[in-house]
Amino acid sequence: MNKVCLWAVLLLLIPMAAQAAPPDLKTPAPVIYLADNLDEKDKLGWCIDTVGRGFGERLHAHSCKPRGGDVQFLYDKAGRRIASATYSGKCATLTAPAAAGVSLGLVDCSKDSPEQIFDYDAATMEFRPGGDSALCLVAGAASRSAGPYMSRDLGLAPCGSTDAKLKQWRIK
């Protein structure tokens, strides 16, 4: 009987070990970040960020910075846009029509730009480009050094074949 109880306890613990490890987010709101810390060495999490220091026209996933700044983005649900909280009037935009592998940039917000439309599904925690429910906003699978922080690519990938850890975003 003791062996049966031990196996039952072990089987209950296995799924818990496979669950996502959340980051120790220190970035002030507003911020959009991955629900899983992945391999971020300081447990800061992964935020949408401008490439380079300060304003940049390209976006990537980057260690969430404790002081905020260029990693602070918000989701405008009514406008269906991901907007910079730091750079007024700047929105995330697809660099080409929605397709797997397309990256994101940061440009002037425009109501008429279909490349700036993103839908957020709170149940799945996924951002999808407007009009294409098969694609998701994802952080790249590989991380790299970015000075004292870390970075990853940011772009679109098929939702159905992408690991949930790379496509589940939280909005704070």
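## A charge over a ring

R152 sits over the face of W46, 4.7 Å from the ring centre. A charge counts as over a ring if NZ of Lys or CZ of Arg is within 6 Å of the ring centre and within 35 degrees of the ring normal.

This is a predicted model, in which local features need pLDDT of at least 70, side-chain atom pairs count only at pLDDT 80 or more, and totals for chains, interfaces and linings use all residues. Residues are numbered from 1 along each chain as its sequence is written, and side-chain values use heavy atoms, with hydrogens and water left out.

## F55 and Y87

The structure holds 4 aromatic pairs. Rings of Phe, Tyr and Trp (its six-membered ring) pair if their centres lie within 6.5 Å; planes under 30 degrees apart count as stacked, over 60 as edge-to-face and the rest as tilted. One of these pairs is F55 with Y87, edge-to-face at 5.2 Å centre to centre and 80 degrees between the planes. It links distant parts of the chain, 32 residues apart: F55 is in the loop between β2 (46-50) and β3 (59-63), and Y87 is in the loop between β5 (81-84) and β6 (90-94). Strands are DSSP runs of E, at least two residues, numbered from the N terminus.

F55 is partly exposed because its relative accessibility is 36% (buried is under 20% relative accessible area, exposed over 50%, partly exposed in between, with a 1.4 Å probe and protein chains only).

Y75 and Y120 form a tilted pair, because their ring centres are 6.2 Å apart and their planes are at 55 degrees. Y75 belongs to strand β4 (residues 73-76) and Y120 to strand β8 (residues 118-121), so the pair ties together parts 45 residues apart in sequence.

Y75 is buried at 16% relative accessibility, whereas Y120 is partly exposed at 23%. Together with F127, Y75 and Y120 form one aromatic cluster.

Note on methods: Helices (H or I, at least four residues) and strands (E, at least two) are DSSP runs, numbered from the N terminus.
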